[in-house]
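Biologist: Please show me the model, and let us go through the terms used to describe it.

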Amino acid sequence: MPRIRLPDPKDIDEMIQGVSKRSEMAERKLKTAIGNALATMDPADKRTLTGDLRLTDLDIQNLLRRDRLDDPARDRLKEIIAKMRELDESGLTVYPGAVQSHRELSKTERTAMAALAADVSALMRDIASGHHDPYVKNVFGDGFEDEAKKVFKGAAKALDRLMKASGGLVVDVMRKSDVWSCGGLTNSTRMALPESLVAAAGDRSRSGYAFLTLVHESTHALPKGGTTDVLYEHHERFLNANPQAKLATADYYKEVVRQIATAAGRVFTPQDVDAHLSTTRSKDLMLAAEAADKVLNGAWVSAIRIHDTIHSMARAPGNFVGWETWLRNASRLMGTSVHREPDIAFTKAGLMRGRNSGPPIHSGDLAVMDNKIAMLAACNGKAKYVIKEPTVALGPEDYVGYVLTEVLRMFGGGLKFSKSLDKDVIVVRSLGALHESVNSGRKNLLVDVGNAKKPGLAQLPEPMRSYDALKRI
Ligand SMILES: [Zn+2]
């Protein structure tokens, strides 16, 4: 079930005040999000909520259905969110907002992490020097062990470097791992770890969660030739991907370590896969499911990239002069209200005067994106569960659309994210098309093809572009 976070009640007035097109849209999005959050709430908590606030289910429905809210109704919404937060022990009810994304490790945490990281990099060096070749060959295939061992060597070096650097290892305050299902977010200069990993760092066993996650993350941190997450161990194709794909994918390195730790050399079986699923499906359905999983994974990563960029725009607008078209298109794709703002120009302060400024980006906009990522995370890797064959003959493109629709139906938690399921599929496909593992140019189209520091997304990707054009007629 996707985890739905809502904006802080204190941020709500700035979002939905006034009569502009933007505030109208923001209010609609907020109501949808609250409806989604209520739908995913524990039933007993929900009863407490309605009881304490003296609301009936019908009252709530009416609130969420009304055209524009007056002040008392708006206060009711805030009370609902505040009560949800009060009832929730996980702390995952409210989206943190445009806060700094990371925090430093405390002294105690740093000591525990250093000990763990030392063990992890020692084992990776061991693997690199050939002490565990049978496992490396078992996972990557005979003849590919040297390349894999190079990555292990680089990962050990990168982990040592990040551990020593100030700000190299930080904690993810946005709780992306809990809500977006990513273990950590790593590049060559920083590894952002989930709170849960930092808390578990005392367990240094090789088959433990902290150890294995650190292996996975380290392989992302090579300055050159770092891995990506094209596949995860729960994906159906994980078992039979080709060696080049395996070498570029973090979870295969983690798998080597797991096999060493458990002394289990057999070819692994992905978790939560029913082995019988594959045999009962037609070849066409299997192919479409494979393509659909790729699109879902690409969409999930693109959505995360967009969120992180817009989150940075909210905090440091001066760095984004020239990103206006990007922001307009990204906002349309992610369903935020930013593109309804008449002027979305970014300015950078000059030497003499002025200040950095950009369009107002509310925590409600960020929360809308957070919700979408949570939904994509819940659907990612799930196309293999679609076993219902379509009732009409479909071409390859429509077939993938069919599978995506089924996945959203089965794993979207019955939540509403846009006008319709069809529109959701269009958005998922368009976000997927921006990712280097999906589009034919094999490029991350969110950035300029020639310069990763410059914006891409000069136009909406298909099929969103055609959808948008039709809507304008
Ligand atoms: Zn990863």
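Modeller: Start where H16 ends: the helix is followed by Gly-335, whose phi is positive, near 70°. Helices here are DSSP runs of H or I with at least four residues, numbered from the N terminus. This is a predicted model, in which local features need pLDDT of at least 70 and side-chain atom pairs count only at pLDDT 80 or more, while totals for chains, interfaces and linings use all residues. Residues are numbered from 1 along each chain as its sequence is written.

Biologist: Which residues of H16 are buried?

Modeller: In H16 (residues 324-334) they are Trp-326, Leu-327, Asn-329, Ala-330, Ser-331, Leu-333 and Met-334. They pack against helix H15 (283-315), helix H17 (363-379), helix H19 (421-433) and helix H20 (464-472).

Biologist: Why are H15 and H16 called oblique to each other?

Modeller: Their packing angle is about 125°, and their axes are 11 Å apart. The axes are lines fitted to C-alpha atoms over the stretch in contact, and angles run from 0 to 180 degrees between N-to-C directions. Under 35 degrees counts as roughly parallel, over 145 as roughly antiparallel, 65 to 115 as roughly perpendicular and the rest as oblique. H15 and H16 are therefore oblique.

Biologist: What makes the contact between H15 and H16?

Modeller: H15 supplies Ala-303, Ile-306, Ile-310 and Met-313, and H16 supplies Leu-327, Ala-330 and Met-334. Contact requires C-beta atoms, placed from the backbone, to lie within 7 Å. By class, the residues are seven nonpolar, no polar and no charged. Nonpolar covers Ala, Val, Leu, Ile, Met, Phe, Trp, Tyr, Cys and Pro; Asp, Glu, Lys and Arg are charged, and the others, Gly among them, are polar.

Biologist: Why is Met-113 called buried?

Modeller: Met-113, in helix H6 (residues 107-128), has 22 other C-beta atoms within 10 Å. A residue with 20 or more within that distance is buried, one with 12 or fewer is exposed, and those in between are partly exposed. Met-113 therefore counts as buried. Leaving out residues up to four places away in sequence, Met-113 touches Leu-105, Leu-169, Val-198 and Ala-201.

Biologist: What makes Glu-436 partly exposed?

Modeller: Glu-436 has 16 other C-beta atoms within 10 Å, so the residue is classed as partly exposed. Its place is in the loop between H19 and H20. Apart from neighbours within four places in sequence, Glu-436 is in contact with Arg-442, Lys-443 and Asn-444.

Notes. Helices (H or I, at least four residues) and strands (E, at least two) are DSSP runs, numbered from the N terminus. Two residues are in contact if their C-beta atoms, placed from the backbone, lie within 7 Å.
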